[in-house]
Amino acid sequence: MPELPEVEVVRRGLLGHVVGKRIVAVEVLHPRAVRRQLGGAADLIGLLAGATVTAARRRGKYLWLEADPAAAADPIAILVHLGMSGQMLVQSAGAVDEKHLRIRATLDDGTELRFVDQRTFGSWMVDDIVGSVPASIAHIAPDPFDPGYDQSAVVKVLRGKHTEIKRALLDQTVVSGVGNIYADEALWRSQIHGQRLTDKLPVKSLRAVLDNAAAVMSEALDQGGTSFDALYVNVNGQSGYFERSLNAYGREGKPCRRCGAAMRREHFMNRSSFSCPRCQVRPRF
DNA sequence: TATATCTCCTGCGGGC
DNA sequence: TGCCCGCAGGAGATAT
């Protein structure tokens, strides 16, 4: 599942393959892939035709390509969210279409930028850039690798909330980039159960969770991201290796790598959470 | 206003 | 073999 490290791997790939290229044509093969575009597929196609990509940027799990439109105007952002299964692939013209190909952008060097998305949670949209980010993600908080990230400010927000720490970690308006996998990893490293309340946790613990979230995502990035199957790949279709380094996620019943206790799995927010019953004591309410 | 829950979607695996 | 069901989960919409 693409979280910050996986999106960053994709962004870096796009830097080398797409930036500097002009979009010759765009084809939308599934309406859900452009559901965030107010004018629909025709609008997106019209805005992108002839645009030249000038940069590839990211905030949290959102990725965008900055582009100069064909008609003289302000730069636009091609805002991309990979959802659960989105892939941005650079393919040569004539390559066989992927089964779940949703959008095809043909570039002026003959290659194609393809958006492939099995579960259709991902999307593309064209957006205005306000300040330094697309307008529609202005509410998304900086991620731990953003120059504008301020851990003290995040701790202050957490202390002002009355909610569970894992829920807060997944709230992209508090700190962005963290998803279910890295939230579990950060909490395991911090020896804190995800149901502990943010306003009851000491500042030291909140800082530790945020530090560990940044550390685990940094390590994952170094290994090309986390892949469990073919649903996450870089622009060349290759998978990352961080899955081998996970200490919590997906390890139900296996011994905790710190104390040896059997790892548990709990249902939380309609998804699974993995933790150590000995190192991460569940709070009593 | 803040927090919690529901919904969208597809493919896979397990059970019958 | 084929059908049904649960599961995976990001984020916006809706409910409390």
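Buried means under 20% relative accessible area, exposed over 50%, and partly exposed in between, with a 1.4 Å probe and protein chains only. Helices (H or I, at least four residues) and strands (E, at least two) are DSSP runs, numbered from the N terminus.

This is a predicted model, in which local features need pLDDT of at least 70 and side-chain atom pairs count only at pLDDT 80 or more, while totals for chains, interfaces and linings use all residues. Residues are numbered from 1 along each chain as its sequence is written, chains are lettered from A and ligands numbered from 1 in the order in which they are written, and side-chain values use heavy atoms, with hydrogens and water left out.

**Stop 1: helix α6**

Select residues 203-222, which form helix α6. The expected span of a helix is 1.5 Å times one less than its number of residues. Next, colour the buried residues of α6, among them Leu206, Val209, Leu210, Val216, Met217 and Leu221. Ser205 and Asn212 are also buried. The buried residues of α6 pack against α1 (4-17), α3 (151-159), α4 (165-170) and α5 (180-190), where contact means heavy atoms within 4.5 Å. After α6 comes Gly224, with a positive phi near 85°.

**Stop 2: the nonpolar cores**

A nonpolar core is a set of buried Ala, Val, Leu, Ile, Met, Phe, Trp, Tyr and Cys residues joined through side-chain atoms within 4.5 Å. Select Leu14, Leu48, Met88, Leu113 and Trp124: within the largest core, of 30 residues, these touch the most other members. Another core, of 29 residues, lies apart from it and includes Ile165, Leu169, Val175 and Ile181.

**Stop 3: DNA strand C**

Of the atoms of DNA strand C that come within 4 Å of the protein, 61% belong to sugar and phosphate.

For Arg271 the corresponding distance from a side-chain N or O atom to a phosphate oxygen of DNA strand C is 3.1 Å. Asn180 has a polar side-chain atom 3.4 Å from a phosphate oxygen of DNA strand C. The elements that give two or more residues to this surface are β10 (264-268) and β11 (271-275).

Colouring by class shows 5 nonpolar, 7 polar and 5 charged residues near DNA strand C. Here Ala, Val, Leu, Ile, Met, Phe, Trp, Tyr, Cys and Pro count as nonpolar, Asp, Glu, Lys and Arg as charged, and the others, Gly among them, as polar.

**Stop 4: DNA strand B**

Move to DNA strand B, whose surrounding residues include Arg32, Lys99, Gln118, Thr120, Lys161, Thr163 and Asn270. Sugar and phosphate make up 70% of the atoms of DNA strand B that come within 4 Å of the protein. Select His100, where a side-chain N or O atom is 3.1 Å from a phosphate oxygen of DNA strand B. At Arg167, a side-chain N or O atom lies 3.2 Å from a phosphate oxygen of DNA strand B. At His162 a polar backbone atom is 2.8 Å from a phosphate oxygen of DNA strand B. The surface near DNA strand B has 1 nonpolar, 6 polar and 5 charged residues.

Thr120 lies in the loop between β7 and β8 (123-130) and has a positive phi, near 55°, in a residue other than glycine. Is Thr120 buried or exposed? Thr120 counts as buried because its relative accessibility is 15%.

**Stop 5: Glu266**

Select Glu266 in strand β10. Glu266 is buried, with a relative accessible area of 15%. Polar contacts (pairs of N or O atoms within 3.5 Å; within protein, one must be able to donate a hydrogen and the other to accept it, and residues adjacent in sequence count only if both atoms are side-chain atoms) can now be displayed. The side chain of Glu266 makes one of 3.1 Å with that of His193 and one of 2.3 Å with that of Arg282.

Conventions. A residue is near a molecule or strand if one of its heavy atoms lies within 4 Å of it.
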